[in-house]
Structures are given as C-alpha cells and as structure tokens.
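Please look over the sequence and the model shown here, and keep both in view while you read the report that follows.

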Amino acid sequence: MPRDLEGARAIVTGASSGIGAGIARAFGEAGASVIVNYHSDEAAAAQVVDDIRAAGGQGEAVKADVSQAEDCARLFAAAETHFGGVDILVSNAGIQKDAAFTELSLEDWRAVLDLNLTGQFLCAQEAVRRFRAQGHDADRGPAMGKIILMSSVHQAIPWAGHVNYASAKGGVKALMESLAQEVAGEKIRVNAIAPGAIKTDINREAWEDEAARKEMLKLIPYGRIGEPEDIARAAVWLASDASDYVVGTTLFVDGGMTLYPSFREGG
Ligand code: NAD
C-alpha cells in the first residue's frame with residue numbers, strides 16, 4: 001500500500017468489523033493515525049488497532065454509539081487527545097433491519113434512520129466544527145478536512161423489503177451533496193462511497209449459502225462479490241490528496257451492479 005495518508009489523522013466509525021475494519025487497516029498501512037470506533041465488540045476493535053500498529057501506524061479503539069451526538073463528540077475529543085486533531089472522517093457505521101413494508105415497525109424504521117442517516121449527520125457536523133476550530137494548516141495538505149460518508153448502491157437502486165435502509169441511503173446522498181456544496185469554499189471535501197455487495201456480516205445470508213451466492217452474482221456484471229479491501233482502497237484514494245479536486249461525488253464501487261445487468265439481454 002503506498003503511504004498516501006502519511007501523517008493524516010482519521011476517525012472511522014463502525015470499524016470493528018467489515019468495511020470499517022478494512023478501511024481502518026488500510027488507512028494505517030497508508031500511514032494514517034486512526035480512531036477505531038466500535039459499538040460493542042471491544043475485542044475485535046482491539047485486533048484492528050493491533051493490526052494498524054503492526055503496520056507501523058497509530059491506532060486507538062474508542063467505544064461510541066454514533067447515533068448519539070455526545071458519543072460522536074467523544075470520538076473527536078479522542079482524536080484531539082491522542083493525535084492532536086483530525087483531518088479525515090469516514091462515517092461508515094450502519095445497520096439493516098429488514099421487513100416487508102406493512103410489517104416494518106416504527107421502532108425498526110427509526111433505528112435504521114437514527115444510525116444510517118442521523119448518525120452520519122451528527123458525525124459530519126462535529127467534523128466540520130472541529131475542522132473550523134483547527135483552521136487550515138497548508139502544511140498538512142490542500143484541504144482543510146475530508147469527510148467520506150458511507151452510502152450504498154441503494155441510494156440509487158430501489159430495494160423492496162428494505163425501505164428504511166434505502167430511505168436512509170437516499171438521504172445520505174442528499175446530505176452529502178448539500179453539505180459538500182455548503183463547505184467546499186472552506187476547503188472541506190465531502191464525498192461518499194456507494195458499495196455494491198461486499199462480503200461482511202451485514203449480508204452474510206446473501207453470500208454464505210451457495211444458491212443465494214449464485215443469485216447475487218447475477219446482479220454483478222464483474223462476476224464476483226466484493227471484499228472490504230475493494231472499498232478500503234477506494235477510501236484511501238478519496239481521503240488522500242490524490243483526489244483533491246473530487247468534491248460532492250458518490251464513488252460507486254460495485255462491480256457494475258448499478259449498470260442494470262438484467263438489460264444485458266433484451267430490454
Ligand atoms: P458490518 O455489520 O460489518 O459493519 C457495521 C458496523 O457498524 C459494525 O461494526 C457495527 O458494530 C457498527 N455499528 C452498529 N451500530 C452502531 C452504532 N450505534 N454506533 C457505532 N457503530 C455501530 O457491515 P458492513 O457491511 O461493513 O457495513 C458498513 C457500512 O457499509 C454500512 O453503512 C452499510 O450500510 C454499508 N454498506 C455495506 C454493503 C455491503 O454489501 N456489505 C453495501 C453497501 C453499503
């Protein structure tokens with residue numbers, strides 16, 4: 001991994017598993033210091049921190065429920081304490097609570113919106129406040145700060161049986177673009193990544209079972225299910241100054257899932 005994030009200070013939410021863990025490890029390998037946020041699995045977060053340190057980086061595990069404003073603020077305070085500030089936020093934590101539309105409880109609607117949309121709002125808001133308080137140190141790079149929100153192909157692809165999740169991700173698109181427009185003049189770059197199907201705990205039933213895996217592959221023109229590292233490499237680039245002119249963009253990393261593969265024949 002090229003050390004494209006040498007000296008950068010990052011917070012990655014939901015980093016004890018899946019995509020967040022992959023991003024935290026890749027950031028460490030690229031030279032960043034990383035606050036590894038976890039919600040409940042302290043041992044898994046400690047392992048990610050160990051891996052970052054083994055790669056020569058700095059890491060600290062911090063427990064926080066990012067659907068709560070005071071918990072988000074605690075992550076940024078930890079970055080200040082351990083690293084002297086923050087340059088990059090990857091707002092990645094997310095959940096699914098799936099149900100057919102008329103079976104979906106208000107509780108599960110709210111739980112998904114509270115974390116997948118409001119949680120991203122709260123962390124991004126705290127990031128912008130902190131970037132402003134720190135000011136722009138041109139020695140640290142052309143941007144004052146960088147924010148990457150974790151969206152999904154379902155910001156674009158409707159998803160029956162998952163209206164809470166799709167609504168949250170559609171909201172993330174609007175949040176990201178509106179915020180990017182609002183703060184770009186201050187040299188804060190806001191972008192999003194929209195993963196396709198990536199092998200993690202969130203969708204285990206869609207890739208662990210062979211029949212389900214075959215069905216899933218029909219939706220992916222590139223012919224394989226993604227790995228957390230596919231997203232991590234994109235995140236390193238989007239967080240680095242190599243992408244300095246990329247502002248307000250959603251980077252789809254989906255093996256072509258958004259290319260309407262069922263239109264390959266006919267249509
Ligand atoms: P995952 O379940 O491994 O990761 C989600 C993480 O969020 C977990 O570490 C979990 O502990 C954490 N989390 C849950 N509630 C939290 C809270 N209140 N506060 C802080 N952290 C909390 O699944 P993943 O696939 O790695 O998901 C990461 C992100 O990627 C999510 O936003 C998800 O919507 C998005 N995504 C995943 C896929 C995919 O195919 N895996 C596709 C598109 C988007």
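In sorting residues by class, Ala, Val, Leu, Ile, Met, Phe, Trp, Tyr, Cys and Pro count as nonpolar, Asp, Glu, Lys and Arg as charged, and the others, Gly among them, as polar. The model is a predicted one, in which local features need pLDDT of at least 70 and side-chain atom pairs count only at pLDDT 80 or more, while totals for chains, interfaces and linings use all residues. Residues are numbered from 1 along each chain as its sequence is written, and side-chain values use heavy atoms, with hydrogens and water left out.

By these classes, the lining of the second largest pocket has seven nonpolar, eight polar and eight charged residues. A pocket is, on a 1 Å grid over the protein atoms alone, an open set of points where a 1.4 Å probe fits, with protein on both sides within 12 Å along at least five of seven lines, and its lining residues have an atom within 4 Å of a point. The second largest pocket has 23 lining residues, of which Ala8, Asp87, Arg140, Gly141 and Ala143 lie nearest its centre.

| Residue | Part of the residue | Distance to a ligand oxygen atom |
|---|---|---|
| Asn92 | backbone N or O atom | 2.7 Å |
| Tyr165 | side-chain N or O atom | 2.5 Å |
| Ile198 | polar backbone atom | 2.8 Å |

Taken alone, the ligand exposes 820 Å², of which the protein buries 91%, with accessible areas coming from the Shrake-Rupley method and a 1.4 Å probe.

Thr13 is found in the loop between strand 1 (9-12) and helix 1, where helices (H or I, at least four residues) and strands (E, at least two) are DSSP runs numbered from the N terminus. Because its relative accessibility is 1%, Thr13 counts as buried, a word that means under 20% relative accessible area, with exposed over 50% and partly exposed in between.

Asp51, in helix 2 (residues 42-54), counts as partly exposed because its relative accessibility is 28%. The C-alpha atoms of Asp51 and Arg25 are separated by 6.7 Å, although these residues are 26 residues apart along the chain.

Notes:
Polar contact = N/O pair within 3.5 Å; in protein donor to acceptor, adjacent residues only side chain to side chain. Buried < 20%, exposed > 50% of the residue type's maximum accessible area, 1.4 Å probe, protein only.
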